[in-house]
Amino acid sequence: MISFESDYTTGAHPKILQRLMETNLEAASGYGTDVYCEKARNKIRKACGCPNADIYFLAGGTQTNAVVISSMLQNYEGVIAAETGHIHVHEAGAIEHTGHKVLALPEYQGKIKADELKRYLQGFYEDESQEHMVYPGMVYLSYPTEYGTLYKKEELEEIAGICREYKIPLFLDGARLGYGLMSRERDMELSDIARICDVFYIGGTKVGALCGEAVVFPQNNAPAHFFTMIKQNGALLAKGRLLGIQFDTLFTDGLYLEISEYAIEMAEQLKKVLKEKECSFYLESPTNQQFIILENSRMEKLKQHIIFSFWEKADDTHTVVRLVTSWSTRLEEIERLRELL
């Protein structure tokens, strides 16, 4: 079976495994206080152009979203997200489990619009019964979105401006950040993300690491006792070195962006094959996630040889499915897909 199921179904990039082996017998302090975590922090600060950034390493994306959001909201506040946002759909109510409601806005190919955000916030504060409601305390976006689409710099800056107007933080989920930064349609660098957002994270799990996400508070603006809240939420890895070594490797000699660029190139090759075989695209994604509409019987035949993800029903006889490329995707696999289609 060939897998296009996701970008974290294989292990880790060989350079990461090599560094883990090379450092395996070294004794290192725990909980992210080791030398490798500090080296990784310094490299990330340099890449972001934020010498004073607070950086923390967590093991997974759901943990990261839950800890960041719950630590930055008051207990009477919720977080605004797109209807298709990961925290609203695919995190099993993890945010609600922390006691905070996800306030969903309409989505447009995975994105929210600044004018609708403004209307929502304006309407909330004009409502005389607001004291009986959940207060909007943060805006959550992802880059790329759940549909592999990208916010333009102008869109992100406009949303950030509204957040500043209403004095709420802007949080960007970067689980697949590398693929957005290396997309052929990008118009932002990592330094732009750091300048515009109040907090974001750099995904490792989906971009070549065994596991791990790096949370970045660009302006030394982490909530008080954030480290303690990470542990309180069961998200603090005792062997923090495992995360530090991985991010130190990813941010050495441009490996993070190299991995991402390769996956984008494989996605472009994948798109060529899908178009050649006259597959209908659900939307045009500029990143490593591709969404096509398959007739159900064709989908069932393909499932016998290719692993991909169900996304949603298109109608009674058609289904939207997702195919994803990564650092480990091979051209031979794409060629095999061509033959099967």
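Arg 195 counts as partly exposed, because its relative accessibility is 49% and the exposed class takes in only values over 50%. This residue is a handy way into the structure, which is a predicted model. Arg 195 forms a salt bridge with Glu 157, and the closest N and O atoms of the two are 3.0 Å apart. Glu 157 sits in helix H7 and Arg 195 in helix H9, so this pair ties together parts of the chain that are 38 residues apart in sequence. Glu 157 is partly exposed too, with a relative accessibility of 31%.

Lys 153 forms a salt bridge with Asp 192, with 3.8 Å between the closest N and O atoms. Here Lys 153 belongs to helix H7 and Asp 192 to helix H9 (residues 190–196), so parts 39 residues apart in sequence are tied together. What about burial? Lys 153 comes out as partly exposed because its relative accessible area is 26%, whereas Asp 192 is buried, at 11%. Taken together, Lys 153, Glu 157, Asp 192 and Arg 195 are linked in a network of salt bridges.

In total, the count of salt bridges comes to 24. Another of them pairs Lys 43 with Asp 248, where the closest N and O atoms are 2.6 Å apart. This one links distant parts of the chain, with Lys 43 in helix H2 and Asp 248 in helix H11 (residues 241–250), 205 residues away from each other. Lys 43 is partly exposed, with a relative accessibility of 27%. Asp 248, on the other hand, is buried, because its relative accessible area is 4% and anything under 20% falls in that class.

Helix H1 holds Arg 19. This residue is partly exposed, with a relative accessibility of 25%. Leaving aside residues up to four places away in sequence, Arg 19 touches Tyr 36, Ile 245 and Thr 249. Gly 178 lies 159 residues from Arg 19 in sequence, and the two C-alpha atoms are 21 Å apart in space.

Helix H12 covers residues 255–276, which makes 22 residues. From its first C-alpha to its last, H12 reaches 32 Å, close to the 32 Å expected at 1.5 Å a residue. Helix H14 (residues 331–340) packs against H12 at an angle of about 10°, with the axes of the two helices 10 Å apart. That makes H12 and H14 roughly parallel, because the angle is about 10° and angles under 35 degrees count that way. On the H12 side, the contact involves Met 266, Gln 269, Leu 270, Val 273, Leu 274 and Glu 276. The H14 side brings in Leu 331, Ile 334, Leu 337 and Arg 338. Sorted by type, the residues of this contact are seven nonpolar, one polar and two charged. In general, an α-helix has 3.6 residues a turn, so residues three or four places apart point the same way.

Leu 337 of this contact turns up again beside Ile 306. Not counting residues up to four places away in sequence, Ile 306 touches Leu 337 and Leu 340, along with Met 1, Ile 2 and Phe 4. Ile 306 lies in strand S11 (residues 306–307) and is buried, because its relative accessibility is 2%. Ile 306 and Ala 263 are 43 residues apart in sequence, with 18 Å between their C-alpha atoms.

A few spots in the backbone also stand out. As a rule, most residues other than glycine have a negative phi, and most peptide bonds are trans. Tyr 31 lies in the loop between helix H1 (14–22) and helix H2 (35–48), and is partly exposed, with a relative accessible area of 38%. Finally, the peptide bond between Tyr 143 and Pro 144 is cis, with omega at about -5°. Pro 144 has its place in the loop that runs between strand S5 (135–142) and helix H7 (153–165).

Methods. Residues numbered from 1 in each chain as written. Predicted model: local features only at pLDDT ≥ 70, side-chain atom pairs only at ≥ 80, totals over all residues. Heavy atoms only, no water. Helix = DSSP H or I, 4+ residues; strand = E, 2+ residues; numbered from the N terminus. Expected span 1.5 Å × (residues − 1). Buried < 20%, exposed > 50% of the residue type's maximum accessible area, 1.4 Å probe, protein only. Contact = heavy atoms within 4.5 Å. Axes fitted to C-alpha atoms, helices over the stretch in contact; angles between N-to-C directions. Parallel < 35°, antiparallel > 145°, perpendicular 65-115°, else oblique. Nonpolar A, V, L, I, M, F, W, Y, C, P; charged D, E, K, R; others polar. Salt bridge = Lys/Arg side-chain N within 4 Å of Asp/Glu carboxyl O.
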